[in-house]
Amino acid sequence: MRSTELRRDRARGTILPLAALLLFCMAMLALWVAQLHTGALRLATQEVRARELFAAAGVGLETALAQAAPLLANAPPVFDADGRFRIAGPAGAHGDGVRYETFFHNETLLPFDPGIVEIEAKALDESGGVRRQRQQARLRPWLATIPSAPLIAHRGVSLPSELSLRNAAGDVLAWSGGAFSAPGAALDVPAATRCPPTGICDWTSALATFEADAAFEYWFARERATLRTLSATHADVGWLEADGGVIIEGAASHGSALAPRLLIIAGDLEVRGTLAVHGVLYVNGSLTGGAGEITIHGAMIVAGDAMHQGPMTIDYEPGALQALAQRGSYVRIPGSWNDF
Amino acid sequence: MLIERTLRGHTLSELLIASTIGIFLLGGLLHVFALHTGEARRRLAEAQLHQTLGAAAALITGELRRAGYWSRAREATGGAVNGFADIHVEDDCVLYSYDRDADSSEGIPGSDDRFGLRLRAGALQMKSSDSCGPGGCTDCNSGVWWATTDPASVTVTRLVFAADVHPRSLPDGTSVTARSVRYVLEGALTQNPSIIATIAGAAGVRNDEID
């Protein structure tokens, strides 16, 4: 009997370590599989994170590019002793736990060119991941061609006696691509430089040949759709359009002496109330016989015919035009993007 | 009598039956473990393959995006020529350049600005420099190349590049050509060539070429 008990105890003593060894092996196997999955998951997560960071930096770059002109106009660069500047641009979040910061600077643009800026977008996540994108951008002015006369009409001009054109800076009061009729207009140019015999220089050979799209690009070096989009984010550009043309009934005022504005009318314009513009009024159609009052400090360009029954005063102001020629939107410089 | 019966133990036939059942159970268990282990190994191998090819694809995309960068690109719109703009595409090779150290004042790539990607000896290789002249590099066999993948673990079996060009005008009227490069990357595990993976992608070149 004692020998039987001993045998059974010995059997227990053999089986128990074997069971423990088996359990240990199973645990190690489970751990190994878990580690494999964790490792693969970590790699996949890192890859996704890198993509998210790059996308966030791209969003930051686009946002900064769109807002560069108004931001830099309101916060002009302050240069250090080496002629460098660095200004914080828009910042925001993009995706889960990823944010971006942007900067405007001229670190690789020395000597400084006031029309060019380098935009840097940096995306960061909570785990310390960082991706950068950089892009140089050039200022594209609102006015590609500065009008040299207070009134320019690509077609004919028919204006009433209450027309006052002033040009203290030159001898041209109006350019017209068609017949010019302004009986009794008050013309104010230096007598010595006044175009004989009327003081109005008709230049019919070129203006009339412009199609509407060509005229638009001639003055603004942009397509209409582009400028329309930009007007949503740039306060110095106004865009008005309506089915059948724009009709101004009440009093409308655009721009000021300190902040001249480019006002685009996308079609015909009829002024029944009062319209005052400090800057440039561009009518991408015709001015159609309203009886309201138009006052322009800057210049007016009409892509079609200029017909108006009410009083009109256009005072050519080179300062307002120069300001619009120095402001604009920033466009990418081809070949200047990098992410290192 | 009862005590004696309890302490008597098992008969030989009981032990044989129990042992047989135990062996079958243990065998089944080991078989299941073996299956799991094999599956885990296969999944690990596939994951390694995908990871290797994914990293290679990310390298291709990231590199080609940079093609054409010149630190003084602003001068190109004034008439200077951006010598970094060319991208040379062959079936299994693409050559490009960018101003890595932002030190090119003339728009001519230096030897350390010339890069390339190609398939050779079962590996994705990258060119890190080439002293070919300013006339451009179109020889996929010149320059210093190094492997970015390890053929001992993953064999890249196929690499195909194809370029797409899209002429367009910028808002300022400048005519440019936007470019993208499509690629197909195929690889297999060197130890187990039956495990293969394919990645198809496209890299949009961020630096347009001025016409």
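**Chain A, overall.** I started with the make-up of chain A and found 4 helices and 22 strands. Helices (H or I, at least four residues) and strands (E, at least two) are DSSP runs, numbered from the N terminus. I noted that this is a predicted model, where local features need pLDDT of at least 70, side-chain atom pairs count only at pLDDT 80 or more, and totals for chains, interfaces and linings use all residues. Residues are numbered from 1 along each chain as its sequence is written, chains are lettered from A and ligands numbered from 1 in the order in which they are written, and side-chain values use heavy atoms, with hydrogens and water left out.

I then looked up burial: of the 340 residues in chain A, 46% are buried. Buried means under 20% relative accessible area, exposed over 50%, and partly exposed in between (1.4 Å probe, protein chains only). For contacts (heavy atoms within 4.5 Å), I took those in chain A between residues at least 6 apart in sequence, and 51% of them join residues at least 24 apart.

Which residues of helix H4 of chain A are buried? In this helix (residues 318-326) I found A:Ala320, A:Leu321, A:Ala323, A:Leu324 and A:Ala325.

Next I went to A:Thr229, which sits in helix H3 (residues 224-231) of chain A. A:Thr229 has a relative accessible area of 58%, so this residue is exposed. I also checked A:Thr229 against A:Ser164: they are 65 residues apart along the chain, and their C-alpha atoms are separated by 34 Å.

**Salt bridges.** I got 25 salt bridges over all chains, a salt bridge being a side-chain nitrogen of Lys or Arg within 4 Å of a carboxyl oxygen of Asp or Glu. One of them joins A:Glu120 to A:Arg86, with the closest N and O atoms 3.6 Å apart. This pair links distant parts of the chain, since A:Glu120 is in strand E4 (residues 116-125) of chain A and A:Arg86 is in strand E1 (residues 86-88) of chain A, 34 residues apart. A:Glu120 is buried, at a relative accessible area of 5%, whereas A:Arg86 is partly exposed, at 41%. I saw A:Arg86 and A:Glu120 again in a network of salt bridges that also takes in A:Arg132 and A:Arg134.

In chain B I looked at B:Arg179 and B:Glu209, whose closest N and O atoms are 3.7 Å apart in their salt bridge. B:Arg179 lies in strand E7 (residues 175-189) of chain B and B:Glu209 in strand E9 (residues 209-210) of chain B, so the pair ties together parts 30 residues apart in sequence. B:Arg179 counts as buried at 9% relative accessibility, and B:Glu209 is partly exposed at 24%.

B:Cys93 is in strand E2 (residues 93-97) of chain B and B:Cys140 in the loop between strand E4 (123-129) and strand E5 (144-147) of chain B, 47 residues apart. Both cysteines, B:Cys93 and B:Cys140, are buried. The torsion about their S-S bond is about -95 degrees, so this disulfide is left-handed.

B:Cys132 and B:Cys137 also form a disulfide, with sulfur atoms 1.4 Å apart. I noted B:Cys132 as partly exposed at 22% relative accessibility and B:Cys137 as buried at 11%.

**The sheet in chain B.** I traced 5 strands of chain B in an open antiparallel sheet, in the order E1-E2-E3-E4-E5; two strands pair if DSSP finds at least two bridges between them. Strand E1 (88-90) and E5 of chain B are at the edges with a single partner strand each, so one side of each has no neighbour in the sheet. Strand E3 (residues 114-120) of chain B is joined to E4(B) by 5 bridges, and B:Leu117 stands opposite B:Met126 in E4(B).

**Between the chains.** I ended with the interface, where 36 residues of chain A are in contact with 33 residues of chain B. I got 1 salt bridge between chain A and chain B: the side chains of A:Asp339 and B:Arg66 meet at 2.5 Å, N to O.

Terms used: Disulfide = S-S within 2.5 Å.
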